[in-house]
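Hi,

Here is the structure I promised to pass on.

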Amino acid sequence: MTFHGEGPVWSSRWGELRWVDMLAGDVMSLGADGTVGRRHVGGVAAALRPRRGGGAVIAVERGFALEDADGAITVLPELWSDDGVRMNEGGCDPEGRFYCGSMAYGKTAGAGALYRLDPDGSTVVVLDGVTISNGLDWSPDGGLAYYVDTATQEVVVFDFDGAGGLTGRRTFASIPPEDGAPDGLTVDAEGGVWVALNQGGAVRRYTPGGALDEVVEVPVRGVTACAFGSPGLDELFISTSREGLPAGDDSPAGSLFRAMVGVKGRPVREFAG
């Protein structure tokens, strides 16, 4: 159980699923035998991806940290000093660069940005003026990137290449507010885009053409993110949150859910640094 579960990711390098209890600053793990682990990494643990040399890259409150294969963690220099802004969600591009976007704790409009951490440790802002930088993943061929700024109620799609980065932004899918707010997302092996609907109690699949194709209902409203896992990449793991619930709520919010959806994911893209 987590308070604010986010960002599940399966790695054959780890041999397990990991996700974060974001505001507790903990990385969670689910072993092949069902054992759940918890490791504290900082004030905030926003997102993570495996490193090609072992370990993980982790987005922490105001920047990035690198976990080595032996578990040692090196926190990189902070990217900003404003303690009212934190990292939120991210992913790796086909070039092996790690992106993570920020948001204000108070959800101030335009206070966030999307940062890219390159393998040499340098960083660059690739999008600014965003409000709640959220889900990000690439098409199977790497030519498209799907991205959510939750406040827009949209999933957008960019053209992508390693040199030019993100270009040609356009709407991929619009989410009516009454259906929930778009949060984390993942792309399956067929190019379908799975989007978690926070306060909507569901994950939706959209075809590569942007048509609503499938809905997986979850028995809590605070659905935050999703990813394919297991050795066969044939199970959809869904993280959820207890944020905003009243004291004494006994719902399964904060739990990690699993669904069999009849389609497979693709191996996670790793950080090259």
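Below is what turned up on the nonpolar cores and the aromatic rings. Keep in mind that this is a predicted model.

Let's start with the cores. The largest nonpolar core has 30 residues, and Leu48, Ala59, Phe64, Met87, Phe98, Cys100 and Phe271 have the most contacts inside it. Strands β5, β6, β7, β9, β10 and β11 each bring at least two residues to this core, with β6 giving the most, 5 residues. If you click on Phe271, you'll find that its contacts include Pro50, Val57, Leu66, Cys92, Phe98 and Leu117. Another core, of 16 residues, lies apart from the largest one; among its members are Ala196, Phe228, Phe257 and Val263.

Now the rings. The whole structure has 8 aromatic pairs. Trp80 and Tyr115 are stacked, because their ring centres are 5.3 Å apart and their planes are at 25°. Trp80 is in the loop between β8 and β9, while Tyr115 is in strand β11, 35 residues apart. Both count as buried: Trp80 has 12% relative accessibility, and Tyr115 has a relative accessible area of 12%.

Tyr146 and Phe172 make an edge-to-face pair, 4.9 Å centre to centre with 65° between the planes. Tyr146 sits in strand β14 and Phe172 in strand β16, so this pair ties together parts 26 residues apart in sequence. Tyr146 is buried at 2% relative accessibility, and Phe172 is buried too, at 12%.

Cheers

How values were computed. Residues are numbered from 1 along each chain as its sequence is written. This is a predicted model: local features need pLDDT of at least 70, side-chain atom pairs count only at pLDDT 80 or more; totals for chains, interfaces and linings use all residues. Side-chain values use heavy atoms; hydrogens and water are left out. A nonpolar core is a set of buried Ala, Val, Leu, Ile, Met, Phe, Trp, Tyr and Cys residues joined through side-chain atoms within 4.5 Å. Buried means under 20% relative accessible area, exposed over 50%, partly exposed in between (1.4 Å probe, protein chains only). Helices (H or I, at least four residues) and strands (E, at least two) are DSSP runs, numbered from the N terminus. Contact means heavy atoms within 4.5 Å. Rings of Phe, Tyr and Trp (its six-membered ring) pair if their centres lie within 6.5 Å; planes under 30 degrees apart count as stacked, over 60 as edge-to-face and the rest as tilted. Lists of a residue's contacts leave out its neighbours within four places in sequence.
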